[in-house]
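Welcome to a short tour of this fold. Keep the viewer open as you read, and follow the topics one by one.

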Amino acid sequence: MPKEQLRYDRMVETALRGVVRDALTEVAESGLPGNHHFYLTFRTGFPGVDIPDYLASQYPNEMTIVLQFQYYGLDVTDDHFEVTLSFNNVHERLVIPFAAITTFADPSVNFALQFQPLAAAESAEVSSMPTRAAAERVEEKEEEEEAAPAEEPKRGEVVALDAFRKK
């Protein structure tokens, strides 16, 4: 069986995370147009996520934030975004890597993206790299693991059908 060379699933994930990055970049530069608003769900324990401790304890797995009316200082980089939101009338700065996002939605236009959660080993590598580079590094690691087979692969056997024919 040939080894899979192209990881289309990873390419699609990277491209779709790029859609989120592009949307946030446009909003950071020009503001939210019309009725657009974003729901972003992310894994709070993901490496690189920086949120206040009380929010991390209140949302130990996932948290959803809304960018609509009251958000401040939206900054977007290649691998994460930062935004200040108000929680109980206290402004808090959040840092969220794109790799931590599990869902992105803009209900005003009925648009949503859902992302596959990364494995623990992948998340540690992805947290400090831009999304495309992280996907490539994870792919390289998998290729290295696949290059060192644990045991000799089984070979198919040829069976003559004559033994099963009626004589």
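Two strands pair if DSSP finds at least two bridges between them. Strands (E, at least two residues) and helices (H or I, at least four) are DSSP runs, numbered from the N terminus. With that in hand, look for an open sheet of 4 strands, ordered E2-E1-E6-E7 and paired in the antiparallel sense. Its edge strands are E2 (62-67) and E7, each of which pairs on one side only. From one strand to the next, the twist averages 10°.

Some notes on the source: this is a predicted model, in which local features need pLDDT of at least 70 and side-chain atom pairs count only at pLDDT 80 or more, while totals for chains, interfaces and linings use all residues. Residues are numbered from 1 along each chain as its sequence is written, and side-chain values use heavy atoms, with hydrogens and water left out.

**The sheet, strand by strand**

- E1 (residues 38-43) pairs with E2 in the antiparallel sense over 6 bridges, and phenylalanine 38 has leucine 67 in E2 as its bridge partner.
- Strand E6 (residues 101-106) is mostly covered, with 5 of its 6 residues buried (buried means under 20% relative accessible area, exposed over 50%, partly exposed in between, using a 1.4 Å probe and protein chains only).
- E6 is joined to E7 (residues 111-114) by 4 bridges, and the two run antiparallel; alanine 105 stands opposite alanine 112 in E7.
- The hairpin of E6 and E7 has 4 residues between the strands, and asparagine 110 takes a positive phi near 55° there.

**The helix across the sheet**

- Helix H1 (residues 8-30) lies across E1, E2, E6 and E7, running at about 130° to E1.
- For that angle, axes are lines fitted to C-alpha atoms, for helices over the stretch in contact, and angles run from 0 to 180 degrees between N-to-C directions; contact means heavy atoms within 4.5 Å.

**Threonine 44**

- Where does threonine 44 lie? Threonine 44 sits in the loop between E1 and helix H2 (53-58), and is buried at a relative accessible area of 8%.
- A polar atom of the threonine 44 side chain lies 2.6 Å from the backbone oxygen of tyrosine 59, and the backbone oxygen of proline 60 lies 3.1 Å from a polar atom of that side chain.
- Leaving out residues up to four places away in sequence, threonine 44 touches several residues, among them Val49, Ile51, Asn61 and Met63.

**Salt bridges**

- The count comes to 4 salt bridges, each a side-chain nitrogen of Lys or Arg within 4 Å of a carboxyl oxygen of Asp or Glu.
- Aspartate 9 forms one with arginine 7, their closest N and O atoms being 2.6 Å apart; aspartate 9 is partly exposed at 42% relative accessible area, whereas arginine 7 counts as buried at 17%.
- Glutamate 13 and arginine 17 meet in another (3.5 Å, N to O). Both lie in helix H1, 4 residues apart, about one turn of the helix, and both are buried.
- Arginine 93 and glutamate 82 also meet in a salt bridge (3.5 Å, N to O). Arginine 93 lies in strand E5 (residues 90-97) and glutamate 82 in strand E4 (residues 80-87), so the pair ties together parts that are 11 residues apart in sequence.
- Arginine 93 is partly exposed at 31% relative accessible area, as is glutamate 82 at 24%. Salt bridges with shared partners join Asp75, Glu82 and Arg93 into one network.

Note on methods:
A polar contact is a pair of N or O atoms within 3.5 Å; within protein, one must be able to donate a hydrogen and the other to accept it, and residues adjacent in sequence count only if both atoms are side-chain atoms.
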